Structure formats: C-alpha cells, structure tokens
2 protein chains.
Amino acid sequence: MSKLLIVGTVAFDAIETPFGKTDKILGGAGTFIGLAASQFRIDAAIVSVVGEDFPSQYFELLKTHGINTDGIEIVPGGKTFFWKGKYMNDLNVRETLDTQLNVLADFQPVVPEGFKNSEVLMLGNLHPSVQMSVIDQMETKPKMTVLDTMNFWMNHTPKELEEVIAKVDVITINDEEARQLSGEYSLVTAAEKIHEMGPKYVVIKKGEHGALLFNGENVFFAPALPLRDVFDPTGAGDTFAGGFAGYLALTEDYSFENMKNAVIYGSNLASFCVEKFGTERMQGLDKKEVFERLEQFRNLTQFDINLA
Amino acid sequence: MSKLLIVGTVAFDAIETPFGKTDKILGGAGTFIGLAASQFRIDAAIVSVVGEDFPSQYFELLKTHGINTDGIEIVPGGKTFFWKGKYMNDLNVRETLDTQLNVLADFQPVVPEGFKNSEVLMLGNLHPSVQMSVIDQMETKPKMTVLDTMNFWMNHTPKELEEVIAKVDVITINDEEARQLSGEYSLVTAAEKIHEMGPKYVVIKKGEHGALLFNGENVFFAPALPLRDVFDPTGAGDTFAGGFAGYLALTEDYSFENMKNAVIYGSNLASFCVEKFGTERMQGLDKKEVFERLEQFRNLTQFDINLA
C-alpha cells in the first residue's frame with residue numbers, strides 16, 4: 001500500500017459558532033488531514049506532539065481509522081496545544097479567542113522509520129521550520145509533497161516559509177493568502193508568481209466559493225457543494241488537503257487530469273466536515289455517503305454543450 | 001428564427017475603476033443583454049427609452065449587431081438615463097456617484113407588434129411596473145420569462161416586485177439579494193424560498209465566484225473564468241443574462257440539462273465583458289473567441305473521477 005506521511009497539529013479546539021459552542025474537543029490540522037485520508041486504502045501516519053492531558057481514547061479514535069500514531073510524541077507533564085475561536089454570523093470571519101501553544105512550542109518532529117520513504121508527504125499548517133525538518137528526514141524524495149500554510153507564517157517567519165515553499169510540489173493557501181504571498185490581486189497572476197517560488201501546482205482555497213488548481217497554463221476549478229446548513233467550518237481546509245493528498249497517494253497518478261479528481265475529492269470530504277462540530281462528521285464517515293456526494297458534484301458541474 | 005424580447009435600459013454610463021475612467025459611454029442593461037444575445041442567430045428586440053441626446057451611431061451599433069430597435073422610444077427634447085459609478089480596488093464594491101433617471105422616469109414600454117409572440121422574454125433590471133407592463137402586452141405566453149432585478153427594487157417597490165416574481169420562470173439575482181429576498185443565509189434554503197414565490201428556476205450570481213442554478217432538487221454551478229485582468233465589471237450581470245436568455249431562445253430547449261449550458265454560455269460571455277470598459281469588448285466579439293473560451297470552461301470544470 002502507498003504511504004502518506006502527515007505532519008500537523010493534534011490539538012484541543014473550543015469552538016463557538018452562531019449555532020452553538022463546544023468545550024475542548026479533538027482538533028488540529030493533523031487530525032483533520034488524517035481523518036480525511038482515512039477514507040482511502042493507504043498507509044497514513046501522523047507526526048505530531050501532544051501533552052499528557054491528551055486522552056487515550058483520541059489515540060484509539062485515530063488508530064481505529066487506520067492512522068499510524070507512532071510519530072505522535074507524548075510530552076510527559078506537557079499540555080496539548082489549545083485553540084479557542086469564534087465564528088461570526090456568516091461563518092466567513094473568525095476570531096481567535098485564545099491560543100496556547102504548550103508542547104507545540106518546542107516541537108521537534110520525528111518521522112517514524114517506516115514512513116521515511118512515503119510516496120506522498122502532506123505538510124499541514126505549522127511552523128515552517130517543523131515542516132522543513134520533516135522534509136529533511138525523508139530518505140527518498142516523495143513523489144509529491146503538499147504544503148498547507150497560512151498568513152501567520154507569511155507575517156512572522158517569511159524566510160523560513162520561503163525555503164519550504166521552494167521545496168514542495170503543491171501549495172494550498174486561501175485566496176487572501178495567495179494575494180499576500182504574491183503581491184498580486186488577480187489569482188491567475190498570483191498563481192504564476194507562486195509557481196516561480198517553487199511549487200508546480202498551486203491550489204487556492206476559496207472556502208464556500210470552491211478551490212482553484214493552477215499548473216502553468218492549466219486551470220481547474222472545484223466548487224464547494226452548496227449546503228443547506230453549514231455548522232462549523234473548523235478543519236474544512238485541512239480536510240480538503242487530506243482528501244487531496246490521500247487521493248493522490250491512493251492512485252499514485254500525479255498527472256494534472258488526476259489532480260483534478262484529487263481536488264474534487266478534497267472538496268467532497270470538506271463538504272461533510274462543516275456539517276457538524278469539529279471532527280464529529282468525519283468520524284466514521286460512510287463510503288456510500290461519499291460516493292453519493294461525488295455524484296452530486298458531477299451533477300453540479302458537468303455539462304454537455306453544443307456549439308451554437 | 002426564434003424571438004427574444006428584451007426590456008431594459010439603454011443609457012449613458014460614466015465609469016471609474018482603479019485602471020482608468022470614462023466619459024459618457026454607451027451602457028444600460030438592455031444594451032448589454034442585447035449585445036450578448038447578438039451572439040446567437042435569433043431575432044432579438046430591445047424595448048427601452050432614450051432622449052434626443054442619444055447618438056444615432058449607437059442605434060446603428062445595435063442594428064449592426066442584428067438587434068431590432070423599433071421598441072426603443074426617442075423622447076423629443078428628453079435626456080437619456082445616466083449612471084455614474086466608481087469601483088473600489090477589488091472591483092467587488094461599487095459606489096454610485098450620480099443617477100439621472102431623465103426619460104426613464106416616465107417610461108411606458110411599448111412592445112413592437114412582431115415581438116408579442118416571442119419565445120423568450122428577458123426582463124432586464126428596471127422598475128417592476130415596467131417589467132409587468134411588458135409581460136401584460138405579450139399576446140402569447142413566452143416559453144420562458146427571465147427576470148433580472150436588484151436590491152433597489154426589493155427596498156423601494158417590494159409589492160410590485162413580488163407580483164412580477166410570481167409571473168416569471170427564471171429569476172437572476174446576486175447572492176446578497178437572494179439572502180435579502182428570502183431572509184435565508186444558506187443559498188440552498190434561499191433558493192427554496194424564492195421557488196415558492198413563483199420562479200421554477202433561480203439563478204444566483206456570485207460575480208467572480210460564478211453562478212448557481214437551482215430547480216427543485218437540481219443544482220448546477222458555473223464558475224467565472226479566472227482572468228488575468230478584470231478591467232470593468234459594469235454590465236457583466238446583464239451580459240450573463242443576455243447569454244443565458246439568448247442561448248435558450250436559440251435552442252428552444254428548456255430542460256434543466258440545457259439550462260446548464262445556458263448558464264455556461266452566460267458565464268462565457270460575461271468573462272469577455274469585464275475585459276474592457278463598458279460595451280467595448282462585446283462589440284464585434286468573435287464567435288471563434290467564444291468557442292475557444294467554451295473549451296476553457298470545459299477544461300476548467302470537467303473531470304472523470306473513478307470511485308476510490
């Protein structure tokens with residue numbers, strides 16, 4: 001089986017949306033990526049760090065989903081990374097109420113031996129130095145390295161981020177971040193500039209407005225599925241990335257045509273993620289539901305026009 | 001040939017964008033709809049009103065595009081409707097600097113005899129009473145009546161607008177307007193509520209984020225083509241509507257499957273409209289360019305996924 005190595009936070013989230021609020025629940029980019037990737041018959045492993053306060057049932061949950069957790073370090077006496085946030089009425093704007101880095105502050109990732117030759121490497125949103133350390137530990141160059149990052153690192157560690165960007169095949173960022181990173185307003189021009197920084201593929205996530213995949217002159221667009229109810233956007237971007245990377249690992253086909261499918265698969269899984277708080281909807285998500293929704297994506301986008 | 005009757009403003013626009021500004025140039029919803037519809041081998045006519053100040057070369061321009069102008073009244077001594085607006089940096093926000101209704105204030109539309117049996121009726125954004133008057137003048141019920149409107153009429157003439165909405169097959173509005181009209185945030189729920197007001201088909205325009213077509217349980221999404229340069233968004237929505245209505249008139253196929261194509265065609269033509277100021281790009285737009293761009297829309301959206 002093909003291997004997918006994931007580095008990303010495994011954390012506690014406390015979330016408030018117009019529809020309700022949670023206490024500390026399971027969260028973190030690594031968690032969401034892992035649960036999304038668990039939809040595929042691949043070997044997925046997470047590299048991360050948690051504190052002693054991290055409940056063993058969360059480890060069980062990940063393992064039950066077939067995710068290798070050998071690379072998740074437990075720091076004795078340490079406390080797990082915690083994020084508390086609040087979404088405004090339209091769910092497009094969120095405010096961070098509290099961030100406690102805790103054990104994440106000194107995180108030194110260690111890639112398990114068996115995953116140093118992974119076909120696909122998914123670098124979840126984290127300090128670029130941590131991402132670089134994982135890249136450096138790989139014994140064979142992955143067929144595809146996917147980087148997810150955000151404006152925080154553009155503002156605070158631009159140099160380190162630049163070095164990671166230069167080493168990856170795919171970067172996934174949102175539209176505002178693409179504009180910030182490139183200094184270009186047009187997403188077409190922004191993608192061109194980002195190509196020049198290294199990544200052959202640029203994925204621009206636009207939340208409820210879908211995602212764009214750029215590769216030179218090639219462009220593909222996957223809409224977000226129009227949903228009756230969006231409950232909690234937390235983890236949607238990570239779930240998208242996990243679906244994208246997981247599908248590539250499964251198919252081992254890195255052509256642009258197949259990347260289109262990976263983007264659709266990522267959008268598909270993300271459409272489930274937002275339907276409940278945190279990871280709730282992604283736990284035990286049924287393959288049948290996913291296939292049905294894929295059919296909805298087909299109906300939503302496929303047309304057969306005659307030139308007129 | 002199939003007939004398309006258009007009612008909409010024929011006007012002067014003065015436009016300012018971050019990329020430049022214009023003096024009074026040809027504008028108006030009816031004009032943009034007409035130019036878009038001129039892409040098809042159909043009989044299209046515009047019902048509108050202008051003042052004596054409206055240059056004869058603009059009439060010639062419309063006629064050269066095969067548009068019947070018998071229904072455009074010239075008010076002796078009158079002045080043509082004038083709109084002046086300014087777009088902010090990201091082109092998504094616009095400010096109206098001046099509106100002079102002029103001859104539009106007392107507009108009594110008169111449908112030319114030969115178009116009272118049009119297959120498709122396109123009601124461009126105008127006072128709902130004017131739109132209703134055109135509906136009432138039709139001798140045979142059009143196969144498809146398409147309504148474009150905006151928040152201004154929702155705020156100022158809600159009763160009259162409601163009556164028009166109850167009589168049409170398709171309504172095209174933007175996302176914010178759909179939310180306002182329905183009182184629902186989710187566009188899925190908003191479309192359901194608007195269905196209940198009358199229209200079997202609800203088209204929600206999201207500008208650079210594409211357009212959604214709803215019909216009961218059926219949903220289709222057409223992206224906007226990602227463009228390197230967007231110069232002036234004026235008329236893009238009208239051009240979309242003109243392409244949509246024109247394609248339906250040409251094909252005379254009002255199935256949901258063909259409506260998908262109409263939405264794609266509308267998006268295609270709108271992608272040209274924004275490339276230059278006002279109607280400039282739409283004048284003499286080449287069929288070959290349109291077909292090439294249709295191919296781009298295919299590449300942008302079509303995928304062939306295998307269940308995994």
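Where in chain A does T80(A) lie? Before the close-ups, a quick note: this is a predicted model, where local features need pLDDT of at least 70, side-chain atom pairs count only at pLDDT 80 or more, and totals for chains, interfaces and linings use all residues. Residues are numbered from 1 along each chain as its sequence is written, while chains are lettered from A and ligands numbered from 1 in the order in which they are written.

View 1. T80(A) sits in the loop between strand 7 (72-75) and strand 8 (82-87) of chain A; helices (H or I, at least four residues) and strands (E, at least two) are DSSP runs, numbered from the N terminus. With 27 other C-beta atoms within 10 Å, T80(A) is buried (20 or more such atoms means buried, 12 or fewer exposed, in between partly exposed, with C-beta atoms placed from the backbone). Leaving out residues up to four places away in sequence, T80(A) touches A11(A), F12(A), V50(A), G51(A), D53(A), F54(A), N102(A) and V103(A); contact is C-beta atoms, placed from the backbone, within 7 Å. R41(A) is 39 residues apart from T80(A) along the chain, and their C-alpha atoms are separated by 29 Å.

**View 2. K116(A) in its loop.** Look for K116(A) in the loop between strand 9 (94-100) and strand 10 (120-123) of chain A. K116(A) is partly exposed, with 15 other C-beta atoms within 10 Å. Residues up to four places away in sequence aside, K116(A) touches V111(A), Q137(A), M138(A) and E139(A). The C-alpha atoms of K116(A) and L5(A) are separated by 8.3 Å, with the two residues 111 apart along the chain.

**View 3. Helix 8 against helix 9 in chain B.** Helix 8 (residues 236-251) and helix 9 (residues 256-273) of chain B pack at an angle of about 140°, their axes 7 Å apart. That makes helix 8 of chain B oblique to helix 9 of chain B (under 35 degrees is roughly parallel, over 145 roughly antiparallel, 65 to 115 roughly perpendicular, the rest oblique). Axes are lines fitted to C-alpha atoms, for helices over the stretch in contact, and angles run from 0 to 180 degrees between N-to-C directions.

**View 4. Chain A and chain B together.** A rotation of 180° with 0.0 Å of shift along its axis superposes chain B on chain A (RMSD 0.0 Å), so the two copies are related as by a two-fold rotation axis. The superposition is by least squares on the C-alpha atoms of residues with pLDDT of at least 70 in both. Of the interface residues of chain B, 97% are also interface residues in chain A, so the copies meet through the same surface.

Methods: Contact = placed C-beta atoms within 7 Å.
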